[in-house]
Amino acid sequence: MSVLEIRDLHVTVETDEGTTPILNGVNLTIRTGETHAIMGPNGSGKSTLAYTIAGHPKYTVTGGTITFDGEDVLEMSVDERARAGVFLAMQYPVEIPGVTVTNFLRTAKTAIDGEAPALRTWTKDVKESMKALKMDNKFAARNVNEGFSGGEKKRHEILQLELLKPKMAVLDETDSGLDVDALKIVSEGVNRAKAATDLGVLLITHYTRILRYIKPDFVHVMVKGQIVEEGGPELADRLENEGYEGYFPAEAPTD
Ligand code: ADP
Ligand code: MG
Ligand code: MG
């Protein structure tokens with residue numbers, strides 16, 4: 001079993017107004033085999049948490065710790081995080097000019113495993129995963145993220161998840177911009193990866209829709225850079241009905 005532990009995490013970002021605190025003491029423990037959903041209103045800091053786990057240089061950790069199996073994640077380079085088994089599918093993945101999906105996947109797999117995958121099984125694995133995600137074969141020859149539609153980006157993320165076999169996956173807004181059919185295909189991919197490798201999942205979402213297909217064991221609500229409530233799947237059901245309004249105090253009467 002592996003465990004990702006986030007303790008009292010404080011994160012700031014530089015804006016025109018100066019140093020702005022975004023995360024104000026986040027605590028979270030995720031073990032392999034568990035699926036955690038982080039929900040919350042827009043602007044609450046969900047993506048900031050994902051980027052911080054990923055090691056994005058824009059975000060400065062000013063307090064607290066992130067460890068993976070006791071190792072200090074904040075001391076690791078982005079590559080070291082991937083090699084340790086932490087997978088980040090980002091909300092807006094970058095284009096990599098001139099690098100095809102095939103080459104990208106093989107390079108990533110080689111970097112993470114420390115050796116190139118055996119060609120025959122690898123080619124077969126790629127084909128099977130693409131087929132399961134209902135991706136056209138031609139997709140493999142395209143350049144990474146160049147002209148990808150929102151749905152193609154998401155499928156490409158899940159393709160990586162299935163092939164790279166991380167221990168822990170952070171999925172930020174995997175549901176955004178997907179129609180119901182695509183959402184089902186992508187969710188099935190995540191569920192296959194979970195079944196295949198005892199994957200731990202941190203699923204970040206504003207909406208409850210995806211949680212009908214990927215069942216969370218734990219639900220955490222983030223508001224203003226803090227986790228303000230935690231529970232099981234029933235919490236997501238409640239949020240579906242009530243929204244996030246209850247977390248914001250009503251305006252005080254003026255008279
Ligand atoms: P969420 O994913 O929950 O919608 P974000 O983490 O994207 O929230 O944003 C939280 C807050 O931090 C927002 O007010 C946002 O404007 C600000 N923020 C996040 N990233 C940056 C950045 N790179 N530069 C400036 N402000 C940022
Ligand atoms: Mg947002
Ligand atoms: Mg976000």
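This note goes through a few local features of the structure, point by point.

1. Basis. The model is predicted, and local features need pLDDT of at least 70, side-chain atom pairs count only at pLDDT 80 or more, and totals for chains, interfaces and linings use all residues. Residues are numbered from 1 along each chain as its sequence is written, while chains are lettered from A and ligands numbered from 1 in the order in which they are written.

2. Helix 1. Helices (H or I, at least four residues) and strands (E, at least two) are DSSP runs, numbered from the N terminus. Helix 1 covers residues 46-54, and seven of its nine residues are buried. A residue is buried if 20 or more other C-beta atoms lie within 10 Å of its own, exposed if 12 or fewer, and partly exposed in between, with C-beta atoms placed from the backbone. The buried residues of helix 1 are K46, T48, L49, A50, Y51, T52 and I53. Just after helix 1 comes G55, with a positive phi of about 90 degrees.

3. Ligand 1. Which residues surround ligand 1? They are V13, T15, I22, G40, N42, G43, S44, G45, K46, S47, T48 and K58. Strand 1 (3-15) and helix 1 are the elements that give two or more residues to this shell. Helix 1 supplies the largest share, three residues. Being near a molecule or strand requires a C-beta atom, placed from the backbone, within 6 Å of it. By class, the shell has two nonpolar, eight polar and two charged residues. Here Ala, Val, Leu, Ile, Met, Phe, Trp, Tyr, Cys and Pro count as nonpolar, Asp, Glu, Lys and Arg as charged, and the others, Gly among them, as polar.

4. V223. This residue is found in strand 9. V223 is partly exposed, because 17 other C-beta atoms lie within 10 Å. The C-alpha atoms of V223 and G40 are separated by 6.0 Å, although the two residues are 183 residues apart along the chain. Apart from neighbours within four places in sequence, V223 is in contact with G40, P41, S44, V228 and Y247. Contact means that the C-beta atoms of two residues, placed from the backbone, lie within 7 Å.

5. Helices 4 and 5. The axes of helix 4 (residues 119-132) and helix 5 (residues 150-164) come within 10 Å and cross at roughly 140 degrees. Axes are lines fitted to C-alpha atoms, for helices over the stretch in contact, and angles run from 0 to 180 degrees between N-to-C directions. Helix 4 and helix 5 are therefore oblique to each other. Angles under 35 degrees count as roughly parallel, over 145 as roughly antiparallel, 65 to 115 as roughly perpendicular and the rest as oblique. On the helix 4 side, D125, V126, S129 and M130 meet L159, E162 and L163 in helix 5. This contact has four nonpolar, one polar and two charged residues.

6. Helices 3 and 5. Helix 3 (residues 101-113) packs with helix 5 at an angle of about 40 degrees, and their axes are 10 Å apart. V101, L105, A108, K109 and I112 in helix 3 meet H156, Q160, L163 and L164 in helix 5. The residues of this contact divide into six nonpolar, two polar and one charged.

7. Positive phi. Most residues other than glycine have a negative phi. N145, which is not a glycine, has a positive phi of about 65 degrees. N145 lies in the loop between helix 4 and helix 5. K224 is not a glycine either, and has a positive phi of about 50 degrees. The loop between strand 9 (218-223) and strand 10 (226-231) holds K224. K224 counts as partly exposed because it has 16 C-beta neighbours inside 10 Å.
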